[in-house]
Amino acid sequence: MPALSELQQNAVRELLRASPVAVELGERFAAAGYALHLVGGSVRDALLGRLGDDLDFTTDARPDAVLRIVDGWAEGLWETGLAFGTVGLMRRGFRLEVTTYRAEAYDRTSRHPEVTYGDSLADDLARRDFAVNAMAIALPDWKAPEAFVDPYGGLDDLAAAVLRTPGTPQDSFGDDPLRMLRAARFASQLGFHVVPEVVQAMTDMAGRLEIVSVERIADELSKLLCGALPRRGLELLVDTGLAAFVLPELPALRLEIDEHHQHKDVYDHTLQVLERAIALEEDGPDLVLRLAALLHDIGKPRTRRKEAGGGVSFHHHEVVGASMAKRRLKALRYPKDVTAAVTLLTELHLRFHGYGQPGTSAWTDSAVRRYVTDAGDQLTRLHKLVRSDCTTRNKRRAAALAGAYDDLEARIADLAQREELGRIRPDLSGDDIMALLGVPAGPVVGRAYKHLLAVRMERGPLPREQAEAELRAWAAEQGP
Ligand code: ATP
Ligand code: MG
């Protein structure tokens with residue numbers, strides 16, 4: 001939990017970095033007779049020391065006035081948000097969004113929030129989702145003691161790492177049910193705890209999510225998944241029942257605890273695989289890998305069979321799971337390449353099963369080759385997914401599986417190298433050799449070719465004249 005003094009230091013450092021741009025903009029608004037505040041996520045992130053290059057502002061100026069004020073100052077402008085009262089602009093590497101005060105106005109049955117402008121900062125902050133997102137800093141004089149506006153105790157909530165709504169959660173979620181998902185998203189992204197009354201409202205009102213557009217839902221899901229603690233966000237979705245409206249396949253995995261405890265809980269296994277996969281990421285959050293980890297076993301509930309001996313089987317769950325993953329990601333309107341990659345990874349996650357296990361024969365080169373070509377550009381992710389899929393507590397078994405996968409990766413590397421070498425040709429072709437030596441096709445050409453191949457392997461590619469000289473020298477050595 002960050003101390004208040006630490007939050008203050010963060011904010012000062014971050015605001016000093018952003019202030020030349022923010023202060024200049026504030027001065028322009030003041031000169032035109034309008035107010036301007038840094039607001040929302042930007043204030044929160046400044047306090048947390050994680051302010052990026054996105055700055056959000058709120059103002060009493062209507063969008064047409066905002067456009068006039070930034071004219072000639074903005075280095076780039078986008079008006080896509082104009083219908084929602086937002087003017088976006090670039091200035092010295094910062095992306096700025098200036099939004100006119102909103103008044104409380106959501107059509108409770110529509111899929112998109114309706115926009116009505118308000119006249120006060122207080123009303124604007126009151127309609128924001130969480131107290132930590134309802135703070136503002138007045139510009140241009142942000143160092144003035146009264147510049148910091150925090151009507152709902154957002155600073156205390158930040159220090160305590162909790163999420164609560166400015167008003168009652170019932171009113172807030174009634175106005176915009178997406179806020180329930182945002183709570184789970186911030187739990188993952190910031191590691192915050194959602195206060196019990198908000199969790200209760202999420203549980204009671206989960207069904208309201210039905211009126212929210214899938215684009216907004218998927219956007220929050222992706223942000224949740226790419227957060228620091230996706231397990232926390234996902235558990236919140238499942239525990240409140242929200243998951244049924246986002247990713248119903250996830251809570252369905254909980255049914256997999258069987259009465260004899262012969263099979264481990266697939267839901268818990270899935271969350272472990274997700275965390276293990278995250279630990280293998282090299283380059284920041286990888287949405288495709290995280291989705292694949294989350295969805296790789298979703299075919300299990302549908303394929304579960306009780307076997308005669310008392311065991312449980314999930315035959316072809318990877319095939320069933322792949323088509324379920326495809327359908328779900330399509331419904332959530334994920335980009336085609338994301339859907340295709342996650343589907344492929346789900347389908348291939350079991351292929352490795354049996355590799356190098358005692359009693360099974362080793363894979364042939366062609367099986368290794370097929371594994372590589374089937375995975376295509378997803379091979380690196382497949383390695384990570386399969387390694388993460390091993391969640392057994394049996395240390396010896398875990399080590400054996402990791403060892404077998406090391407072996408497979410070594411064979412893939414070895415095969416790649418051999419095939420790379422296999423593609424190497426001498427600097428002169430058989431036709432060149434026949435023409436240069438004036439001999440017909442026959443064993444001499446074969447021997448010359450072999451010699452030139454050995455030279456090529458030894459010394460790398462040679463210029464044409466050197467290759468020809470090499471051939472002549474070899475021919476001279478052969479005698480008449
Ligand atoms: P991020 O930029 O990481 O998505 P953020 O908190 O900045 O996080 P935005 O979607 O950029 O989220 O929104 C900016 C601010 O607008 C939020 O901090 C919050 O104050 C307000 N806000 C956004 N969406 C909603 C919503 N659905 N209901 C109420 N307030 C919202
Ligand atoms: Mg933002």
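The chain is divided into domain 1 (4-160), domain 2 (276-421) and domain 3 (426-478). These bounds come from an automatic or database domain assignment. The centres of domain 2 and domain 3, taken over C-alpha atoms, are separated by 47 Å. The model is predicted: local features need pLDDT of at least 70, side-chain atom pairs count only at pLDDT 80 or more, and totals for chains, interfaces and linings use all residues. Residues are numbered from 1 along each chain as its sequence is written, and side-chain values use heavy atoms, with hydrogens and water left out.

The chain contains 22 helices and eleven strands. Both are DSSP runs, numbered from the N terminus; helices are H or I with at least four residues, and strands are E with at least two. The radius of gyration of the chain is 31 Å, well over the 23 Å that the globule rule gives for 480 residues, so the chain is more spread out than a compact globule. That radius is taken over C-alpha atoms, and the rule is 2.2 Å times the number of residues to the power 0.38. Along the principal axes, the C-alpha atoms fill a box of roughly 100 × 70 × 40 Å.

Of the 480 residues, 47% count as buried. Buried means under 20% relative accessible area, exposed over 50%, and partly exposed in between (1.4 Å probe, protein chains only). The accessible surface of the chain comes to about 23300 Å². Carbon and sulfur atoms hold 52% of that surface. Areas come from the Shrake-Rupley method with a 1.4 Å probe; for residues, only the protein chains shown count as cover. Among contacts with a separation of 6 or more, 67% join residues 24 or more positions apart. A contact means heavy atoms within 4.5 Å.

Helix 16 covers residues 336-348. At 1.5 Å a residue, its 13 residues should span 18 Å, and the end C-alpha atoms are 18 Å apart, which agrees. The expected span is 1.5 Å times one less than the number of residues. Val-338, Thr-339, Ala-341, Val-342, Thr-343, Leu-345, Thr-346 and Leu-348 are buried in this helix. The buried residues of helix 16 pack against helix 13 (287-295), helix 15 (317-331), helix 17 (365-375) and helix 18 (379-388).

The structure holds 33 salt bridges. Each is a side-chain nitrogen of Lys or Arg within 4 Å of a carboxyl oxygen of Asp or Glu. One of them joins Glu-249 and Arg-328, at 3.0 Å from N to O. Glu-249 lies in helix 11 (residues 249-252) and Arg-328 in helix 15, so the pair ties together parts that are 79 residues apart in sequence. Glu-249 is buried, at 11% relative accessible area. Arg-328 is partly exposed, at 21%.

Another salt bridge links Asp-365 with Arg-418; the closest N and O atoms are 3.5 Å apart. Asp-365 lies in helix 17 and Arg-418 in helix 19 (residues 395-422), so this pair ties together parts that are 53 residues apart in sequence. Asp-365 is partly exposed, with a relative accessible area of 29%. Arg-418 is partly exposed at 41%.

Arg-164 forms a salt bridge with Asp-157, with 3.1 Å between the closest N and O atoms. Arg-164 counts as partly exposed at 33% relative accessibility, whereas Asp-157 counts as buried at 5%. Asp-129, Arg-182, Arg-185 and Glu-220 are linked in a network of salt bridges.

Key: Chains are lettered from A and ligands numbered from 1 in the order in which they are written.
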